Amino acid sequence: MDRVKEFFEKGLFDSSEYLLPLVDMLMDGISDYIFLMEVVAPRRFKYALVNQSAKTSHPMTGVQWEGAYIEDLLSEDKAGSLIDRYQQVVERECPLTYEDEMDLDDTLFCGHTSLTPLKNQDGIVTYILGITRDITEAVQRERDLNRVNAVYRSLMENTADAILIIDRNRNIMESNSALKELYGFSKEDLSLRPFPFVPDDRHEEADRLISDALEDKGVSGFQTKRQRKDGSLIDVSMTVSPIHNAQGDTIGISSIIRDISVVKEDERKLEASRARYQSLFEHNPHPILTLNLDGTVQYANPASLRMMKTSLAELSVSSLLDWLPLDKAVWMEENGLRTESMEDVCFQTALRVGGEQRIAKVYLVPIVNQTERVGLYAILDDITEKERAVEALRQSEAKFRLIADNSNDLISVFSPYGKLVYASPSIINFLGFDPSKLGEEELKDVLTIEDAKKVASAFKQCQVDGRSFTVKLKLKRDSGEVVWFECKGTPVLSEEYEVNRIVIVARDISEQKKYEAKLKRIAFYDYLTGLPNRRLFEDRLNQAILDADRRQKQFALLYLDGDGFKRINDEYGHDMGDDFLKLVGDRMKDCLRDSDSIGRIGGDEFAILLRDVDSEQKTREIAQRILNKLRRPYDLNGLHIQSSFSIGVSFYPDNAKRLDDLFRTADRALYSGKRKGKDQVSLYDDL
């Protein structure tokens, strides 16, 4: 056919007399569709010659080709498109190649066409040779392959499970993004090192899985461990399968990997839970029986055997009903065994145990599998001793009332929720009224808000743990006097072992509180001036250091020492000296702000803490005002005594960063001033 084109292009044929026989001969047996189109006029092309393949194999069958125009055979839109291409060849005088597809008689036809212009001796395009190759099958195969590839890619990229493709040489050919998310290794990582996600101790296992798959022995749901890029191990489940070609030969391996770390962790937790349950069952101090739905014993923990005074072999052939009185056995059958209820059942009964009668609470808890009752747990609470204690308590109630009515202590009985049930006569005498006739809100007026909260909290905790408690609080008597009491609360338990009552015994501790306050004052305050002593002042100084560090502030320590105190003691005696120091302390307190602190360090030595000082000059002015005030005469029993003080000043943190260093630097400044003539303010920075 190429030779035909060559003859036409060289203009060797200019007459149909020679053209048609030769073309017929050359086109004989060619499978491509060949159309020789005559250029009749612009956009008018007539089929001059069509080969046998086109006539017999073209989807447009039963058509008289020769002598027909394009628009005679095709619809307007299809004809227009084809005419455009032929006209383009005429105008440009150069070949045109294109691929197109048509729906001809409900049949898809895809063709690859080349159009070649044929010129006469004058160089005018008179014919166009069209050669169309039927590529419908190839296009269909390509599209099918694209669809398969799209499905494959979608499966690879969109599945949540990791996928790995390996060839027969054990090279990784493909992996999806889920594998990178699972292990952390990129495709580049996998190309540099084979199977980096296999732990060192599992390479032999991985080799065996690959070898088995290459021998058509795949595996499904195989559980093992793999290693992430960060070194952590995870639990995975994998399916390893051979990949076959069309001939059935194994050409590779596919592996689908799923992260089952959460599942394995849940399994481990479940196993741990079972172990804890078994331990709880075996070592529980309460007797626990596992029952069938007819009441027969399946299993019993050691506490049950101790309570029942029997062996597991004897107990396992009996029924819990055998241990109950007849009426309770009937009740249990109807309400615990023959019911479909999933609710717990509780009842109290007597048990015949080892020839004696015990009293127990029995809790029946359904054992449920899915939604079906398959058995019962019977939890036994031996309350024999408790019942005996309750009975003893009942017998002692009369004794209690006799003691309470004649006691000087304030004795009261409350419900667990704070309702007053009984008040001893001593309470009525103290308050001046009967509190049992008042409401709960009126009773709260007897206590401060803080004490009321303290009592409410104690009552609430007592309900929870059933333990005694002690609180200290203040009660206001009818005269308005406030008296400190220590209240001891003791719970009284009901038959159900719940807090039924709370007995409060209140003892007057006013003298004890006064003594404690006196001890506190002695420990932290100067007995003479009432000012904080050195211990309390140093504590406040330490707090000031912490506060200054936190707020990035500074403060000043003023250290004061009398210039003539010894003279006052010598001339007027120590009593006058003590009175003088009291007046000094009062004057110092008048000079300070609420945020400042003052303390007597010893003798005629005092210290002042000035917080949040802005500057040395401001501090110097404050210290000078203090000196001026301390310099004024003092009236002591009719005598006018005049004295002065010297002050040393140290700043935190500029001059010292520790308490001892602050006193040391302030003391150095103080004695520097004394050496210069006393009665003056000296800053450590002045040294």
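Mentor: Contact here means heavy atoms within 4.5 Å. The model is predicted, and local features need pLDDT of at least 70, side-chain atom pairs count only at pLDDT 80 or more, while totals for chains, interfaces and linings use all residues. Residues are numbered from 1 along each chain as its sequence is written, and side-chain values use heavy atoms, with hydrogens and water left out.

Trainee: What share of the contacts in the protein chain with a separation of 6 or more comes from residues 24 or more positions apart?

Mentor: The count takes the protein chain's contacts with a separation of 6 or more. Of these, the share from residues 24 or more positions apart is 49%.

Trainee: What percentage of the protein chain is buried?

Mentor: Buried means under 20% relative accessible area, exposed over 50%, and partly exposed in between, with a 1.4 Å probe and protein chains only. The protein chain has 687 residues, and the buried part is 41%.

Trainee: How many strands does the protein chain have?

Mentor: Helices (H or I, at least four residues) and strands (E, at least two) are DSSP runs numbered from the N terminus. The protein chain has 23 helices, and its strands number 27.

Trainee: How far apart are the end C-alpha atoms of helix α19?

Mentor: The expected span of a helix is 1.5 Å times one less than its number of residues. Helix α19 covers residues 534–551, which is 18 residues, so it should span 26 Å. The separation of its end C-alpha atoms agrees with that, at 25 Å.

Trainee: Which residue caps the N-terminal end of α19?

Mentor: A polar contact is a pair of N or O atoms within 3.5 Å; within protein, one must be able to donate a hydrogen and the other to accept it, and residues adjacent in sequence count only if both atoms are side-chain atoms. At α19, a side-chain oxygen lies 3.2 Å from the backbone nitrogen of R535. That oxygen belongs to the capping residue, N533.

Trainee: Which residue of β26 is the bridge partner of L558?

Mentor: Strands β21 (residues 555–562) and β26 (residues 645–652) run antiparallel and are joined by eight bridges. In β26, the partner of L558 is V649.

Trainee: Is S672 buried or exposed?

Mentor: S672 lies in helix α23 (residues 659–675). Leaving out residues up to four places away in sequence, S672 touches S682 and L687. Its relative accessibility is 7%, so S672 counts as buried.

Trainee: Which residue in the turn between β22 and β23 has a positive phi?

Mentor: Five of the six residues of β22 are buried, so β22 is largely enclosed by the rest of the structure. Strands β22 and β23 run antiparallel, joined by five bridges. They form a hairpin with two residues between them, and the one with a positive phi of about 60° is G603.

Definitions and conventions. Two strands pair if DSSP finds at least two bridges between them.
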